[in-house]
Amino acid sequence: MKITIIGAGNMARGIATRALAGGHTVAITAKDPGKAVRLVDDLREQADGAGRVSAADDAAVGQADIVVLAVPFDAARQLAAAYGPRLGGKVLIDISNPVDATLDALTVAPSTSAAEQIAQAAGAEVRVVKAFNTTFATTLVAGQVHGTVLDVFIAGDDRNAREEVADLVASGGLNPVDVGALAHARQLEGFQLLHMALQMREGGHSWASTIKIVAL
């Protein structure tokens with residue numbers, strides 16, 4: 001698949017690493033083009049998969065099968081509105097967590113989620129999926145925590161879109177967990193707020209833990 005990642009920070013690095021391990025073609029575009037180029041150079045040195053990666057301008061958004069908004073919530077909502085008319089029928093992944101600066105609360109009401117607001121901004125023709133918001137960047141680069149494969153929770157109203165994201169996740173060596181409708185992003189965002197707060201409380205700030213569901 002052709003994956004375009006908007007953003008060139010740590011989460012962009014982690015998701016790109018998994019996509020490349022899965023053999024996908026990755027384009028990275030960012031507000032700072034130089035940052036995108038530097039990330040691409042790093043990925044080319046480190047990649048162990050069959051995928052290809054390049055820096056691109058925003059034309060790559062229209063050429064992608066899946067677009068990943070690897071930016072904070074407010075920026076993601078603005079980008080969804082800006083790019084929405086060009087994304088009809090495409091899968092748009094929201095990875096954001098709408099948390100306050102002290103990690104005490106979500107910044108959206110309990111009756112909604114960042115993902116739902118991004119979907120509203122993007123428009124009805126865009127297939128928005130929540131994914132990767134419960135995985136930290138460092139764990140994505142490694143693909144595991146102490147030998148435990150990461151779970152990636154996937155929420156979206158379009159079943160085919162969820163399956164496409166699940167294929168992306170699985171190809172990169174991770175375990176996709178389909179939780180159903182996009183409204184379940186509310187629980188995923190709350191779950192990650194707790195996950196992040198626990199990291200802060202422990203004082204390690206390693207961001208190297210993972211959320212795992214173990215079934216019988």
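How many residues of the lining of the largest pocket are nonpolar, how many polar and how many charged? Before I answer, please note that this is a predicted model, in which local features need pLDDT of at least 70 and side-chain atom pairs count only at pLDDT 80 or more, while totals for chains, interfaces and linings use all residues. Residues are numbered from 1 along each chain as its sequence is written, and side-chain values use heavy atoms, with hydrogens and water left out.

A pocket here is an open set of points on a 1 Å grid over the protein atoms alone, where a 1.4 Å probe fits and protein lies on both sides within 12 Å along at least five of seven lines, and lining residues have an atom within 4 Å of a point. The lining divides into 13 nonpolar, eight polar and no charged residues, where Asp, Glu, Lys and Arg count as charged, Ala, Val, Leu, Ile, Met, Phe, Trp, Tyr, Cys and Pro as nonpolar, and the others, Gly among them, as polar. Helix H1 (10-21) gives the largest share, three residues, and helices, numbered from the N terminus, are DSSP runs (H or I) of at least four residues.

Turning to the second largest pocket, about 200 Å³ of space lies there, and helix H4 (residues 73-83) supplies the largest share of its lining, four residues. That lining, which includes Lys31 and Asp58, divides into six nonpolar, three polar and two charged residues.

Technical notes
Helices (H or I, at least four residues) and strands (E, at least two) are DSSP runs, numbered from the N terminus. Grid points are joined across faces, edges and corners, and a volume is the space filled by probe spheres set on the points.
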